[in-house]
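I opened my notebook today to go through one structure piece by piece. Here is what I looked up, in the order I got to it.

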Amino acid sequence: MGNYRFIGEAAAVAQVDTFTPGGSIEIGDIFILTITGWNGRTVAISYSAAATTVADVCTGLAAAWNASTDALCTPITAADNTTNITLTADTAGEAFSVAGTTTEAG
């Protein structure tokens, strides 16, 4: 095998993660996006469903994310796409780690 050297000259791109609420949504179900920083610190952003639609959850959770002033959340913008939420890094090449969970009302 030959010797290969990677020099990292590719253009940086912004990370985009997509979250799609699913299942039978009940009023009061809590949808949570938890971001974990590189130092292990976590921040949870949550929204309690006010209606039984995916659109309600997407609107509410994206708004809650964008309203956060926590330093782990502010470099990432949430977009409500009606059927899902996208989280996009504001700076190309900056990585993040987010997990989605839910707590059922019933």
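**Entry 1**

I started with Val-16 and found that, leaving aside its neighbours within four places in sequence, it is in contact with Thr-86, Leu-87 and Thr-88. Contact here means heavy atoms within 4.5 Å. Before going on, I noted that this is a predicted model, where local features need pLDDT of at least 70, side-chain atom pairs count only at pLDDT 80 or more, and totals for chains, interfaces and linings use all residues. I also noted that residues are numbered from 1 along each chain as its sequence is written, and that side-chain values use heavy atoms, with hydrogens and water left out.

Where does Val-16 sit? I found Val-16 in strand E1. Strands (E, at least two residues) and helices (H or I, at least four) are DSSP runs, numbered from the N terminus. The C-alpha atoms of Val-16 and Thr-88 are separated by 4.5 Å, though these residues are 72 apart along the chain. Val-16 counts as partly exposed, at 46% relative accessibility. For that word I wrote down the cut-offs: buried is under 20% relative accessible area, exposed is over 50%, and partly exposed is in between (1.4 Å probe, protein chains only).

**Entry 1: the sheet with E1**

Next I looked at how E1 pairs. E1 and E5 pair in the antiparallel sense, over four bridges. Two strands pair if DSSP finds at least two bridges between them. One bridge I looked up joins Thr-18 to its partner in E5, Thr-86.

What is the order of the strands in this open sheet? I wrote down E1-E5-E4, three strands with antiparallel pairing. Its edge strands are E1 (16–19) and E4, and each of them pairs on one side only. Neighbouring strands here are turned by 20° against each other on average, direction ignored. For angles, axes are lines fitted to C-alpha atoms (for helices, over the stretch in contact), and the values run from 0 to 180 degrees between N-to-C directions.

**Entry 2: the other sheet**

I then found three strands in the order E3-E2-E6, again an open sheet with antiparallel pairing. Strand E3 (42–48) and strand E6 (97–103) are the edges, each pairing on one side only.

How many bridges do E2 and E6 share? I noted seven for E2 (residues 30–36) and E6, which run antiparallel.

I followed helix H1 (residues 54–67) next. H1 lies across E2, E3 and E6, running at about 140° to E3. H1 also lies across E4 and E5, at about 160° to E4.

Ser-68 is in the loop between H1 and E4. Is Ser-68 buried or exposed? I put it down as buried, at 15% relative accessibility. Not counting residues up to four places away in sequence, Ser-68 touches Ile-45, Cys-73 and Thr-74. The side chain of Ser-68 also reaches the backbone nitrogen of Asp-70 at 3.1 Å.

I got a count of one. The side chains of Asp-70 and Arg-41 meet there, at 3.1 Å from N to O. This pair links distant parts of the chain: Asp-70 is in the loop between H1 and strand E4 (76–80), and Arg-41 is in the loop between E2 and E3, 29 residues apart. Arg-41 is partly exposed, with a relative accessible area of 36%.

**Entry 3: cysteines**

How many disulfides does the structure hold? I found zero; a disulfide would be a pair of cysteine sulfur atoms within 2.5 Å. Cys-58 is in no disulfide, and the nearest cysteine sulfur, that of Cys-73, is 17 Å away. Cys-58 is buried at 0% relative accessibility, and Cys-73 is buried at 1%.

Last, I checked Thr-82, in the loop between E4 and strand E5 (85–89). Thr-82 has a positive phi of about 70° although it is not a glycine. Most residues other than glycine have a negative phi. Thr-82 counts as partly exposed, at 46% relative accessibility.

Notes:
Salt bridge = Lys/Arg side-chain N within 4 Å of Asp/Glu carboxyl O. Polar contact = N/O pair within 3.5 Å; in protein donor to acceptor, adjacent residues only side chain to side chain.
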